[in-house]
Amino acid sequence: MIKVFFKSLLIALSIILLSACGGGGGSSQEIVTPTPAPTPAPTPEPGPTSCSNYDNTGNTKYCTMNSGDLEREFFLYIPDSLLSSTNTSPLVINFHGGDGYALYEMEYTGFRELSEDENFIVAYPQGTVAEGKGSTGWFTGVGCDSGEVCDVSFISELIDALVTEYYVDANRVYASGFSNGGFMIYSLACYLSDKVAAFGPVAGLMYTEEYEICNPQRPLPIVHIHGENDTAIPINGGSYSVGFNSVLDYWSNYNQCTQTIILDGLDNNGDGYSYSATIKDECTDNVRLAYYRLGGTDHEWPNRDGLGYDNDIDAASTIWSFMKEFDINGAISE
């Protein structure tokens, strides 16, 4: 501090002496106005998310953001091909089931591995303790005005943040989820159809309340996978949910689909059971529905290639192959 003071003092004395030596004979002294220092550029405001590397590869990030006065958590997986890219990329949001965790969802669903080949980003949001069950889950659009957690708002804010901060294509945001996360997918279809392009529920149905008041803003492409022997979320519905066939009929009518195709699948895992798929085609905006019934399958996320269960189909690749054909405006033209 003393050195800085004396340095300033010497500079000031030098200026005074130079001014005093301006010349004689009545000549006018030139007054030099100092040039002001340029105003520094403002520091950009930090984004709504706070992320740090979860592993030493830089692909997986653990993130938090504030939503509804709560600190919400999510994982983000960015494949190698997109780590340094400034091109916009599709985003898949993958929801865990009730009493589940985002980290576990990331490990077993297969979207992370698939993204390396298909060049999309994956987000795995973490649910809060929900529905009075004392376990993690998702609060849907019903009751969001009651002061409880509103996960539809959280996901809406999350999409906006990732579009801004991670070069996500706002027209190609997709959502898939398991069990309670599958119910959340239908909630997003009802309340967030302006931001999510296509939907992929697995082993989840529509809540009865949402079935009655659902208000999507456009025709929606949906691929749904459900085990016929599901004992946790029975395929025919229950006390709080609408059955698989009724859900299919609802969206077929809403989308004004005019063609039905039934596909008989193969028994790829040799357990004596196969699968079938009902395709609803010729719908408004060229969207489509694909509803898969898996014979002999209980409450599980179907996997192939050693990522868990060995099922007749692989949920992640089946869902992605369907969803990637659509953006927020409907079928993507070739």
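These legends describe a set of close-up views of one predicted model.

The model is predicted: local features need pLDDT of at least 70, side-chain atom pairs count only at pLDDT 80 or more, and totals for chains, interfaces and linings use all residues. Residues are numbered from 1 along each chain as its sequence is written, and side-chain values use heavy atoms, with hydrogens and water left out.

**View 1. The whole protein in outline.**
The protein has eight helices and 17 strands. Helices (H or I, at least four residues) and strands (E, at least two) are DSSP runs, numbered from the N terminus. There are 334 residues, and 49% of them count as buried. Buried means under 20% relative accessible area, exposed means over 50%, and partly exposed lies in between (1.4 Å probe, protein chains only). The accessible surface comes to about 16700 Å². Carbon and sulfur atoms hold 51% of that surface. Accessible areas come from the Shrake-Rupley method with a 1.4 Å probe; for residues, only the protein chains shown count as cover. Now take contacts between residues at least 6 apart in sequence: 63% of these join residues at least 24 apart. A contact means heavy atoms within 4.5 Å.

How many disulfides does a search of the whole structure find? It finds three. A disulfide is a pair of cysteine sulfur atoms within 2.5 Å. Here Cys-51 is joined to Cys-63, with an S to S distance of 2.1 Å. Cys-51 sits in strand S1 (residues 49-53) and Cys-63 in strand S2 (residues 60-67), so the bond ties together parts that are twelve residues apart in sequence. The torsion about the S-S bond is about 115°, so this disulfide is right-handed. Is each cysteine buried or partly exposed? Cys-51 is partly exposed, at 28% relative accessible area. Cys-63 is buried, at 0%.

**View 2. The disulfide between Cys-190 and Cys-214.**
The S to S distance between Cys-190 and Cys-214 is 2.1 Å. Cys-190 belongs to helix H5 (residues 180-191), while Cys-214 is in the loop between helix H6 (208-213) and strand S11 (222-227), so the pair ties together parts 24 residues apart in sequence. The S-S torsion is about -110°, so this disulfide is left-handed. Cys-190 is buried, with a relative accessible area of 2%. Cys-214 is also buried, at 12%.

**View 3. The disulfide between Cys-257 and Cys-283.**
Cys-257 and Cys-283 are joined with an S to S distance of 2.0 Å. The pair links distant parts of the chain, 26 residues apart. Cys-257 is in the loop between helix H7 (244-254) and strand S13 (259-264). Cys-283 is in the loop between strand S14 (275-281) and strand S15 (289-294). The S-S torsion is about 105°, so the disulfide is right-handed. Cys-257 and Cys-283 are both buried.

**View 4. Ile-155 and the nonpolar core.**
The largest nonpolar core has 86 residues. Such a core is a set of buried Ala, Val, Leu, Ile, Met, Phe, Trp, Tyr and Cys residues joined through side-chain atoms within 4.5 Å. In soluble globular proteins, nonpolar side chains tend to be buried together. Which members touch the most other members? They are Ile-155 and Trp-251. Not counting residues up to four places away in sequence, Ile-155 touches Ile-93, Phe-95, Pro-125, Met-184, Leu-188 and Leu-192.

**View 5. Helix H4.**
Helix H4 (residues 151-165) has 15 residues. From first C-alpha to last, H4 reaches 21 Å, close to the 21 Å expected at 1.5 Å a residue. The expected span is 1.5 Å times one less than the number of residues. Buried residues of H4 include Phe-154, Ile-155, Leu-158, Ile-159 and Leu-162. Just after H4, Tyr-167 takes a positive phi of about 55°.

**View 6. Helix H5.**
H5 has twelve residues and reaches 17 Å, close to the 16 Å expected. Eleven of the twelve are buried, so H5 is largely enclosed by the rest of the structure. Among them are Met-184, Tyr-186, Leu-188 and Cys-190.

**View 7. His-224 and its partners.**
His-224 lies in strand S11 and is buried, at 0% relative accessible area. Its side chain makes a polar contact of 2.7 Å with that of Tyr-186. Another, of 3.2 Å, joins the side chains of His-224 and His-226. A polar contact is a pair of N or O atoms within 3.5 Å; within protein, one must be able to donate a hydrogen and the other to accept it, and residues adjacent in sequence count only if both atoms are side-chain atoms.
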